[in-house]
Amino acid sequence: MQPRNMSMSGVVDLAAVKAAQEAKAKAEQARAEAARRGGAGAVSPADLVYDADEAGFERDVLQKSTEVPVVLDFWAEWCQPCKQLSPVLERLAVEYNGRFVLAKVDVDANQMLMQQFGIQGIPAVFAVVAGQALPLFQGAAPETQIRETLDQLIAVGEQRFGLTGLTVDPEAEPGGQADAVAAAPQGPHDAVLEAAALALDAGDLGGAIRAYRNVLSDDPGNEEAKLGLAQAELLERVQGLDPQAVRRDAAEKPADATAQIAAADLDLVGGHVEDAFGRLIDTVRRTAGDDREAVRVRLLQMFEVVGGEDPRVVAARRALARALF
């Protein structure tokens, strides 16, 4: 079903225009007040990445967004894809040198914020510009896509609200989360792991897969390499897929293992973890023999992507056992 206003070409959303105008006026007023007080001054690179919570949201996000676009990274300690995405966002926050700031929100400690933003799964990335919230993306995303999204966000901030970002002092004392991103490798495989992560961020999935496999050939129990390999292989599998065709095929063939596996891969990449798990567990119940085994193996691979300690994985393992036995 199409949205009801799909055919109303040229119609302007007056409420949205008014809200944008009000937000712009507030942003200009806040900047004028800051200038009157002598300005905010230069910030340290470490100030570009910080934690945000419900108590300080007004100050750390809403007020800050009148000076610079604030990107919100909703994450949790148990979320393995978050551990892959967050370092990329942190590194880009430093690289963009004050064009945006990154506020990290632990959803376990800030359930109300998660509900207010309507988040169904993590990682989820939003932005707040001049007090207005904008959804950016959810789930895994290649660095090229993230950069394009950030560039568009910065352009909107500049063109609609006059936000030119913060001045960063390169001579500031090191410290904080942002500086930790550039820490030198220490372990025996860290150089290869760092190269693999950079390849993954750049969309070089083949290079990332080879690098992670090289680490695992020497250290089969390396958890970082296992997680990275599972994520890179997942992204490689969904490359070139037509999401509409895949989902249509899955809807028409509920007992087809190949169709359901492809749809589950798309679910997982989109951050819909429980949907992916539930789809494959249902398929295990409907299939037998080699098809059932293929579904089971793919489900175990997905557990690696999400992380064995994730409560959704724990619940899915129990459901899988019931489906099998």
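How many disulfides does a search of the whole structure find? The search turns up one disulfide, a term used here for a pair of cysteine sulfur atoms within 2.5 Å.

Before going on, a word on the source: this is a predicted model, where local features need pLDDT of at least 70 and side-chain atom pairs count only at pLDDT 80 or more, while totals for chains, interfaces and linings use all residues. Residues are numbered from 1 along each chain as its sequence is written, and side-chain values use heavy atoms, with hydrogens and water left out.

**The disulfide**

Cys79 and Cys82 are the partners, with an S to S distance of 2.3 Å. The torsion about their S-S bond is about 80°, so this disulfide is right-handed.

| Residue | Relative accessible area | State |
|---|---|---|
| Cys79 | 0% | buried |
| Cys82 | 1% | buried |

**The cavity**

The structure holds one cavity of 30 Å³ or more, and the largest cavity has a volume of about 300 Å³. On a 1 Å grid over the protein atoms alone, a cavity is a set of points where a 1.4 Å probe fits but cannot get out, and lining residues have an atom within 4 Å of a point. Grid points are joined across faces, edges and corners, and the volume is the space filled by probe spheres set on them.

Its lining has 23 residues, and Gln84, Ala140, Ala141, Gln231 and Leu235 lie nearest the centre. Helix 3 (80-95) is among the helices that supply at least two residues of the lining, and it gives the largest share, four residues. Helices here are DSSP runs (H or I, at least four residues), numbered from the N terminus.

**The nonpolar cores**

A nonpolar core is a set of buried Ala, Val, Leu, Ile, Met, Phe, Trp, Tyr and Cys residues joined through side-chain atoms within 4.5 Å. The largest one has 45 residues, and Tyr212, Leu268 and Phe277 have the most contacts inside it. Helix 11 gives the most to this core, with eight residues. Apart from it lies another core, of 27 residues, including Tyr50, Phe57, Val105 and Leu166.

What does Leu268 touch, not counting residues up to four places away in sequence? Leu268 touches Leu234, Val273, Ala276, Met302, Val305 and Val306, where contact means heavy atoms within 4.5 Å.

Conventions
1 Å grid on protein atoms, 1.4 Å probe; cavity = no way out; pocket = protein on both sides within 12 Å on 5 of 7 lines; lining within 4 Å. Buried < 20%, exposed > 50% of the residue type's maximum accessible area, 1.4 Å probe, protein only.
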